Amino acid sequence: MTDMTNPTTDENFERVCTLEEVPEHMPRRVQYKGRGVLICRDGDELFAVDEVCPHENESMKRGVIFDGEIICPHHQYRFDLKTGRCNQRCAALQTYRLEVIDEEIWLGI
Ligand code: FES
């Protein structure tokens, strides 16, 4: 089914940065509705997940992106960028909807 949401008119969406501001293999931290969110580029795909690691509530803005996952810099737990699931016994990361329009990145719940 096609998602007919238009981020530019949906109040749940906010423009957070441009495509060129997101590096390879490192997250780009942005603010979305008052909280830190990491935009992650893995190859041609983009994902958005919460900044705060659910293991010990540390920032993952210096995490590494590799093979569809973000690796927390503190204890190296790995989180799937699509689902937010962790490879350890740990709560999942919140994930966000992400749309690219005219080289700009929009996030939504
Ligand atoms: S704080 Fe992220 S793995 Fe421990």
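Predicted model: local features only at pLDDT ≥ 70, side-chain atom pairs only at ≥ 80, totals over all residues.
A residue counts as buried here if 20 or more other C-beta atoms lie within 10 Å of its own, as exposed if 12 or fewer do, and as partly exposed in between, with C-beta atoms placed from the backbone. Residue numbers start from 1 along each chain as its sequence is written.

View 1. The protein chain has 9 strands and 0 helices (DSSP runs numbered from the N terminus: E of at least two residues for strands, H or I of at least four for helices). Its C-alpha trace spans about 40 × 30 × 25 Å along the principal axes. The radius of gyration, taken over C-alpha atoms, is 13 Å, which agrees with the value near 13 Å for a compact globule of 109 residues (the rule is 2.2 Å times the number of residues to the power 0.38).

**View 2. The open sheet E1-E9-E8.** Three strands line up in the order E1-E9-E8, with antiparallel pairing (a pair needs at least two DSSP bridges between the strands). E1 (14-18) and E8 are the edge strands with a single partner each, so one side of each has no neighbour in the sheet. Neighbouring strands here are turned by 30° against each other on average, direction ignored (axes are lines fitted to C-alpha atoms). E1 and E9 are joined by 4 bridges, and Glu-14 sits opposite Leu-107 in E9.

**View 3. The hairpin of E8 and E9.** Zoom in on E8 (residues 97-101) and E9 (residues 104-108), an antiparallel pair with 5 bridges. Leu-98 faces Leu-107 across the pair. The turn leaves 2 residues between the strands, and Asp-102 takes a positive phi near 50°.

**View 4. The largest nonpolar core.** This core has 25 residues, and Val-37, Cys-40, Ala-48, Val-49 and Leu-107 have the most contacts inside it (a core is a set of buried Ala, Val, Leu, Ile, Met, Phe, Trp, Tyr and Cys residues joined through C-beta atoms within 7 Å). At least two core residues come from each of E2 (28-32), E3 (35-42), E4 (45-50) and E9. E3 gives the largest share, 4 residues.

**View 5. Around Val-37.** Setting aside neighbours within four places in sequence, Val-37 is in contact with Val-30, Tyr-32, Ala-48, Asp-50, Glu-51, Tyr-96 and Leu-107 (contact means C-beta atoms, placed from the backbone, within 7 Å).

Conventions
Axes fitted to C-alpha atoms, helices over the stretch in contact; angles between N-to-C directions. Contact = placed C-beta atoms within 7 Å.
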